[in-house]
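User: Could you walk me through this structure? I would like to begin with its pockets.

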Amino acid sequence: MKELMIKLLKGVLKKDIARDDWPLVDELIKLKIVKDDGKVLKIGSKYRVGKIDISKKGTGFLEQIGIKAKDLLIEPEHLNGASKGDLVIARRIFQAKKRPSAKVVFIVQKAFRFSVGVFDKEKMMFLNIKTLLPLAVKATKKSLKKLPDQTVAKIDNENQIITEILGVLDDPKVDEKISLALFNKKEDFSPEAELEAKAHPDYIDPSLYPERVDLTHLPFCTIDPITAKDHDDAVYFDKEKNILYVAIADVSEYVAMYGPIDQEAKERGFSIYFPHKSIPMLPRALSEGICSLKPDVLRLAFVCKIELDENLEPKKEEIFDAIIKSRRKYSYDRVDEFIEGKFENIDEIDKEILEYLLPLYEVTKKLREKRLQKGFEFKNPEIRIELDSNQNLKATHLEEETPSHALIEDCMLLANKATAKRFEYGIFRTHEEPSLEKIEELLNELATIGIFAKEFKSIHSLFLSIQKQAREKGIEKHVDKLLIRTQKQAAYTAENIGHFGLGFEAYTHFTSPIRRYSDLTLHRLLKAILKNDKKKVDFILRNIEPLTVKISELEREAAKVEWDFMDRKFARWAKENIGKEFFALITDPESTPIAVIEDEIFGARVFLPKDRDRVELFDKVYIEIVDVNIATTKIIGKIVRFSDE
C-alpha cells in the first residue's frame, strides 16, 4: 500500500493503477484528497502521507514518506483513531511560529491487519501471541469450546475473524506457520502461478535461441551452501586474458511482467530460508528447476563479462544473453578444501576447474585488499540452527566467512558494480553514512569498555581505529556488531547515493534473481537498455521509486520472519533447560539487561530483570534460566556468577 501512496504523491498515470487499488483510489478522489486531471492522479499539495508514531504521552508524529522532511506533530485529538504504525493521510495545519503539524484525515492501512492469537481456554479468549493482550474475535462460545487449549490461529483484525487455524502451541511444527503468519507470508503459490511455471519445459533447446552467445564450452562452476537447491550464479575465469565471467540465472526469460508468477514474486519480494526448508520467491518448478544453474544441463544465463587490467581495475565490461553448461556444483566446504591444498578424490573435471579457480582465488584476495581501503570488513558470523526430526533445536553452528565465501562474494561484487554503471536512475543498492548522533552514542558506549576515539579524518578511519583497538582487546566480533548496529540499513533506492559499507560510488543487486525481486527487476531494465528499447525503459522506470520502497520493506520482513522462527526454537530449548546454568555475554546493559548465551548453543537472548545496575557491556557471566514463555519467545534468567575469564 505504501507503494501506491508514493505513486499518488509523485503523480501517477491512471493506466498504471492496478485493478485491485481502484476502490481505494476512487474513495480518495471522492474525498478530494486525490486530484484527477483526466490522465494523471495526484494527492493534493496540502496532504502528507506517512506512518504514525505515538509517544508515551499520546502525542502523534507523522513519519513522512515520498519526501525528505521532518516529522509532523499530530496532537492526540487529531489522530482520529490512528494507532502506532498505521499508514495514514494527514492534512497540513499551518500555524505561525509553531512546529509543523497535521491532522489525520484518512487511515490507509492499519499497522497490524493480521495477528496471531493463542487460545486461552480458561479465559475463553484469544490472546495476542506477541503481547498476550486480548484479541477481538467474532466467534460463538459454542465454536470456541470446541477448540483445544493453546490453539494458534491467524486473525483478521479488520473483520475480527479467524482466517486460519495454524495448530497448537505445544507442537514445535507450528513455529514456521506462526512466523509466516505474523508477517502475512504464505508458502503455497496460486494455481495460476503454478500452472504458468509448469508450462515451461524442463530443458533448453539451443536452436530456439540463435541470438544468444554460446558459452557451453567454458567450464563454469557453482559454489553454494551444501543444502542449496536454487543456484543463481556460476563463475568462470580466463586466467590467460584476465577475464571473469559471472553467469546469472536468466529468470526474466521465464517470468513475464504482470503475469501470475510476477505478481506473486512482487508480493513476496524475497525467498525466506528456514533451517529445514525454504519458502521460495518463485515456484519450485522455476527456482529449483529450469532457472537453477544445475551442473551438466544447458541453462539460459545473463552474463557479466569483466576484463581486468594489470592493476585489477575493470578494463572492459560487457553484459549479454548466453547459454551455459555448468560442470560442477561445489559446496563452500569443498572449495575451502581445495584452497587448503586438499585434493583427494578429484577427477578430470575438477582438475580443469581448479586450473582457473585457484588463480581466481588469488585475484579475489587482491581485489578485497583494494576494496577494504574504502570499505569495511565486519566479523559478524551468522548463527545456523539445526533441528531434529520433531523440529526442536538440536544444535547451533557459527558460520564464519571462509576463503570460498570471500572468493564468490568478490566475484559478485564486481558484477554488481559493473551493472550499476549502466544507468543513472533505476534500482540501486544503497547504504548511507551513519548519523553523527549514532556515532556519538557508539563512542559513549565504547568508552565504557576502554575503547576511545582519536581524531579522525573520516568515519572510515574512525571505524578502522575502533576495530584495531577491539582486535587488541580480543573483542573484535562483539565490537563489530556495535559498528553494524550504528549504521543505517542498506536499502533499494531509485536514486544513487552510494554504498558506505562497501565503499562503492555505485552499486546494485544483479546476481540473485531467483530469490530477490530487485535483481529480477534490474535484469528487465538492463535488457531494455541493451536493446535500446526506450519505451520499455520508460515503462519500467515510471514507477520504480515506489517499487524500491516496497522491496526494501519486504526485505526487512523476510529477515524478521527468519529471526522470529529462530527465537521460537531458542524458547522451546530454554523451556527444557529451566534451572540449568549457561555461559553468556552481556550485549545490552541498559534498562532490562540482555545476555546472549555462548555455550552448548549460541545466540539465545536472555532477559535479566533482576540484574539491573549489576552489569557492564560485554561482561562474561553465568546465567540460570528461570522462566520461559513459548508464545512470546521471552527467556528470563538471572546471573549466578561472573566469569573469571
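**The second largest pocket**

Analyst: The second largest pocket has a lining of 19 residues, and Glu313, Arg371, Lys417, Gly503 and Phe504 lie nearest its centre. On a 1 Å grid over the protein atoms alone, a pocket is an open set of points where a 1.4 Å probe fits, with protein on both sides within 12 Å along at least five of seven lines; lining residues have an atom within 4 Å of a point. This is a predicted model, in which local features need pLDDT of at least 70 and side-chain atom pairs count only at pLDDT 80 or more, while totals for chains, interfaces and linings use all residues. Residues are numbered from 1 along each chain as its sequence is written, and side-chain values use heavy atoms, with hydrogens and water left out.

User: How do the lining residues divide into nonpolar, polar and charged?

Analyst: Eight are nonpolar, two are polar and nine are charged. Here Ala, Val, Leu, Ile, Met, Phe, Trp, Tyr, Cys and Pro count as nonpolar, Asp, Glu, Lys and Arg as charged, and the others, Gly among them, as polar.

User: New topic. How many disulfides does a search of the whole structure find?

Analyst: The search finds zero disulfides, a disulfide being a pair of cysteine sulfur atoms within 2.5 Å. Cys291 is in none, as the nearest cysteine sulfur, that of Cys304, is 19 Å away.

User: Where is Cys304, and is it buried or exposed?

Analyst: Cys304 is placed in strand E20 (residues 298-308). Its relative accessibility is 0%, so Cys304 counts as buried; buried means under 20% relative accessible area, exposed over 50%, and partly exposed in between (1.4 Å probe, protein chains only).

User: What is Cys304 in contact with?

Analyst: Leaving aside neighbours within four places in sequence, the contacts of Cys304 include Leu244, Tyr245, Glu318 and Phe510. Contact means heavy atoms within 4.5 Å.

User: And Ser287, buried or exposed?

Analyst: Ser287 counts as buried, because its relative accessibility is 2%. Ser287 lies in helix H7 (residues 284-290).

Note on methods
Helices (H or I, at least four residues) and strands (E, at least two) are DSSP runs, numbered from the N terminus.
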